[in-house]
Amino acid sequence: MNTLVAIFVGGGLGSLARYGLGKWVSGILPVTFPYGTLAANIVSALLLGLFLGATIAKPENDNQLRFLIAVGFCGGFSTFSTFSAETLELFRNGLFFYAGMNVIGSLIICVLMIMAGMWITKNF
């Protein structure tokens with residue numbers, strides 16, 4: 001599979017997954033906080049950590065799979081731009097606590113999810 005095609009397909013699937021998860025989460029949680037974006041970023045970070053943990057030390061792995069999953073799917077599934085826009089909107093609406101929690105929570109939780117995914121694949 002061509003690298004650009006792998007990224008394109010993975011990115012499209014990741015974007016669809018993000019949209020679906022976001023709609024589902026926003027249907028069950030209050031809209032005062034961007035839970036859908038946070039959930040997508042957390043799940044994407046965990047998936048990326050699992051994938052990297054399973055493949056990082058194995059140079060024989062197919063690079064096209066790396067482009068499909070790590071670059072394409074996880075790149076399309078996670079969304080830094082939406083996170084940034086939603087955080088700015090929280091600030092603009094005077095919801096400083098929510099905005100701060102979104103920034104701190106997103107950064108800490110997503111880094112921990114990458115670490116957790118890598119740890120899981122290393123230890124199981």
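**How the pieces are named**

Helices (H or I, at least four residues) and strands (E, at least two) are DSSP runs, numbered from the N terminus. By that naming, I108 lies in helix α5. This is a predicted model, where local features need pLDDT of at least 70, side-chain atom pairs count only at pLDDT 80 or more, and totals for chains, interfaces and linings use all residues. Residues are numbered from 1 along each chain as its sequence is written, and side-chain values use heavy atoms, with hydrogens and water left out.

**The overall picture**

The protein chain has five helices and zero strands, so if you walk along it from the N terminus you read α-α-α-α-α. Its C-alpha atoms fill a box of roughly 50 × 30 × 25 Å along the principal axes. Of the 124 residues, 29% are buried (buried means under 20% relative accessible area, exposed over 50%, and partly exposed in between, with a 1.4 Å probe and protein chains only).

Now for contacts, meaning heavy atoms within 4.5 Å. Take those between residues at least 6 apart in sequence: 72% of them join residues at least 24 apart.

**The outside**

A nonpolar patch sits on the surface, with about 950 Å² of accessible area together. Its members are L95, F97, Y98, M101, I104, L107, I108, V111, L112 and M115. Patches use residues with over 30% relative accessible area and no salt bridge, joining like charges within 9 Å and nonpolar side chains (Val, Leu, Ile, Met, Phe, Trp, Tyr) within 5 Å.

V111 is in helix α5, which covers residues 96-123. I108 is partly exposed, with a relative accessible area of 48%, and its C-alpha atom is 21 Å from that of L29, 79 residues away along the chain.

**Charges and a salt bridge**

The chain has 6 positive and 4 negative charges, and their mean positions are 3 Å apart. Lys and Arg count as positive and Asp and Glu as negative, leaving out His and the chain ends; each charge is placed at NZ of Lys, CZ of Arg, CG of Asp or CD of Glu.

Side chains of opposite charge can pair when their charged atoms come close. The count here is one salt bridge (a side-chain nitrogen of Lys or Arg within 4 Å of a carboxyl oxygen of Asp or Glu). The partners are R92 and E89, at 3.5 Å from N to O. Both belong to helix α4 (residues 80-92), and being three residues apart there, they are separated by about one helical turn. R92 counts as exposed because its relative accessibility is 63%, while E89 is partly exposed at 36%.

**V5 and S44**

V5 is found in helix α1 (residues 3-28) and is partly exposed, with a relative accessible area of 40%. S44 belongs to helix α2 (residues 35-55) and is buried, at 3%.

Not counting residues up to four places away in sequence, S44 touches C74, F77 and S78. The C-alpha atoms of V5 and S44 are separated by 20 Å, with the two residues 39 apart along the chain.

Terms used
Accessible areas come from the Shrake-Rupley method with a 1.4 Å probe; for residues, only the protein chains shown count as cover.
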